[in-house]
Amino acid sequence: MHYRNKIAMLVAATFSQQLWAQSVSGVVLDSKGQPIAGAEVSLAGSQARVKTDAAGTFLLAAPAGQLAELHVEAPQFAHRNLHLNVPEAGLNNVELRLAPTLLEVIDIKASPLHASATESALPVSVLSGEQLKMQQASTLGDTLKNQVGVHSNFYGSVASSPIIRGLDGPRVMITQNGLDAGDASRVGPDHSVASEAGTAQQIEVLRGPATLFYGSGAIGGVVNVVDERVPTRRETQVNWQLERQSVNNEKLAAAAGQTSVGDVALYADAFWREQDNYKIPGVAETGSDEAAGGRVANTDATGKGGTVGASYLLPNGFVGVSVGRLERQYGIPGHSHGGHEHEEHEAEADHAEERVFADLEQDRVQLHSQLNFSGGPLAQLNVKAGFTDYQHAEIEDGATGTTFKNRSDEARLELLHREWLDWRGGLSLHYKHSDFAAVGDEAFTPPSTQEMLAIGWMEERHFGPLLLQTGARLERVTLKADQVLLPELAAHAHDGSEHDDHDHGGDQLIRTFAVDQNFKPYSLSAGLVWEYQDGYNAALSLSRSGRGPSASELLSFGPHIGTNAYEIGALFHRNPTQDPHQAFALNKDPVDLEVSNNIDLTWRKYSGDVALILNAFYNQVDNYYYQQNTGLFAEDGHAHADDEHNEAEHTEEAHDHSGELPVYLFRAADVNLHGFEAQLIWQIAPQWRWTQQVDYVRARLDAGGDLPRTPPLRLQSALSWQSAEFSAELRYSHYSKQDKVETLESATGSYNLLDANVSYYLDLFDQQLAVYLKGQNLTDEDARVHTSFLKDKAPLPGRSIGLGIRGEF
């Protein structure tokens, strides 16, 4: 029986339990004894939650005769947990005091155990509210690029993924409400992440290994996009936003709303986004005429999507489902077969202007359920399941070249036990299956299926001021591919000694074989949070995480349009026989697991007029899979319109290499990544706040040398002002020169960015409105992103002014 049928039977068989409860009433006060209005008081392990009134008072139901845990949160205050024994007669006049904090303390939805960012041993960042609305961009990586420890692999404003502490791709998992995004963004930088920040409630970034909850694909971290597509509350609320940007004529319209009818909660959202090719700073030299006319070609995009969801609200939980549709068309910038300049010949210039774009579609269904129990050893049962049907076609000059498809199923079952000897935690069962296929002329990786089955265990306990967090996870991962190709490839070097020995065409001999790889990675984690003084804590996190290589890292063999490279997987190696017609051969060595051993140290001060967070990390990785530039070049296999022209000139210029790509080979090596992150927030005056942050990562091979595309040292400073009707922020970012580069990788110069925004708030037509103006790269800096595959062709956009309005009612 298919696992989705089993889950449906499990949820249907679970019945609602009557919670025999008594009332708990009290008041929430600040450190000076003043009432806090609008604070949310909830009962851990249940749906019971209320907000305090103007006098700070609350009233909610809790199970009688049991130990209850109240959780209290309010803006600009540190969260607080309080354990209470609820007698049969209930509790009255409970007094809860909250300490003020400059940090935005938000509960983390990515973890089944209740925690906020300041209560976690693992460093966590949450982007939400006003900051999310002001920083949201058309791509996920560009939305998160100002978060500490997070960079973007900028791909011409049409696609980008977050880089966490120098790690990206298959090491950073992108999830939507805790389930894999199910797209193809982990395969290449030109593949868009299938999520939309315009309708998100918050975006969470877990820095460092988060494999216990998400699996080996999260060995470098997790980005969890949270929305209310499966609603859990009886409330009516609508949010909407309109925005226009000058640098690319971007237009955005987004809206999300929810309501309830009896015991049924309803949700819907929709967005539409459109942008033209973006302007570059001044008259920048781009290394080619990709930016002719002051704009970067193929950086236009259109996108639209929508989601509907409904939940049945039970006395002890909810069961809900959502259905979403996403469509995007976006250019693929920097596309030129061989990546050379096209300035001297008209035919070549015409070739550079070919319209190359991706057409993306995704359908997604999610099931979420949470049931809480008042008796017995089981306290909570959480079920999450999803089905995703994704595809995108890469279209060149009106013809489809390659189509990527990914059909995925995923299910997670979490069984949380009642507190036992003061321990809280539970068991997690996780299943995921993906069927990935790339078909076409530039399908650099073969069709494959991957299946993962895992069991995880997590526990935490307070020992006075100490919070101990532990866990373990065991996986079985199977990777199968029936049509792995090993084509004949006469790769060669550009060393001036060989120009005519390689074949420019003709029939090729292609070997085909099957691959069936099985991996059993496991992960262990232990963390300690020490609240040694009110408003201060220190944290230590230790983890050991394993990961098997992805299909693209292992099986690739072909030209990749997005990276302008000929990519070859770790299943192959340089041919030891030195066959001039076959530069690579099958690697018969066993495929090793990538193993990360990570340590994190954190110190936090979150009370008073100055807040400070310091993080230091060291990550030693065995068998780290990365792309190494071999120094060889290979034919891209593409038919060029200017081949006759090149052949005519060949007698005069024997060194012409148009139509060739550099060859990159995936290999495994031991590496060390270490670095630090720091954030300081100073409330200078009641309306003025200064924020300073810095992050740095150093990524080196044990055998000597550096990893490619490592983010540089970054310093950011922001001055903000807030009143009842206005808010404003001025942000300065300095990116240092990056000269710690791999062999054959070029260094990138330093640059500075200046951004600003101002908002005006008003109440109109029974809704709260905000009219805002924001400017990006105000100094029109020519900035090259070192982590981008297009840094030599596509600088960051030039000066941009954005105007928008958003409302809530």
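Residues are numbered from 1 along each chain as its sequence is written, and side-chain values use heavy atoms, with hydrogens and water left out. Because the model is predicted, local features need pLDDT of at least 70 and side-chain atom pairs count only at pLDDT 80 or more, whereas totals for chains, interfaces and linings use all residues.

**Figure 1. Salt bridge between Asp-600 and Arg-165.** A salt bridge is defined here as a side-chain nitrogen of Lys or Arg within 4 Å of a carboxyl oxygen of Asp or Glu; by this rule the count comes to 31. In this pair the closest N and O atoms are 2.9 Å apart. The bridge links distant parts of the chain, 435 residues apart: Asp-600 belongs to strand 34 (residues 594–605), and Arg-165 lies in the loop between strand 10 (162–164) and strand 11 (172–176). Strands (E, at least two residues) are DSSP runs, numbered from the N terminus. Asp-600 has a relative accessible area of 0% and is buried; Arg-165, at 7%, is buried. Buried means under 20% relative accessible area, exposed over 50%, and partly exposed in between (1.4 Å probe, protein chains only).

**Figure 2. Salt bridge between Arg-328 and Glu-196.** A distance of 3.3 Å separates the closest N and O atoms of these two residues. Arg-328 is part of strand 19 (residues 317–331), while Glu-196 is found in the loop between strand 12 (179–180) and strand 13 (202–207), so that the pair links distant parts of the chain, 132 residues apart. Both Arg-328 and Glu-196 are buried.

**Figure 3. Salt-bridge network containing Arg-325 and Glu-361.** Arg-325 pairs with Glu-361, their closest N and O atoms being 3.6 Å apart. Arg-325 in strand 19 and Glu-361 in strand 20 (residues 356–372) are 36 residues apart, and their pairing links distant parts of the chain. Arg-325 is partly exposed, with 30% relative accessibility, and Glu-361 is also partly exposed at 30%. Lys-304, Glu-327 and Asp-363 are linked with these two residues in a network of salt bridges.

**Figure 4. Stretches with pLDDT under 50.** The protein averages a pLDDT (the predictor's confidence in each residue, from 0 to 100) of 84, and 88% of the residues score at least 70. Over residues 1–20 the pLDDT stays under 50, and the model has 37 contacts (heavy atoms within 4.5 Å) for them beyond four places in sequence. Residues 336–352 also have pLDDT below 50, with 38 contacts in the model beyond near neighbours in sequence. Where pLDDT is low, the predicted coordinates should not be read in detail.

Key. Helices (H or I, at least four residues) and strands (E, at least two) are DSSP runs, numbered from the N terminus.
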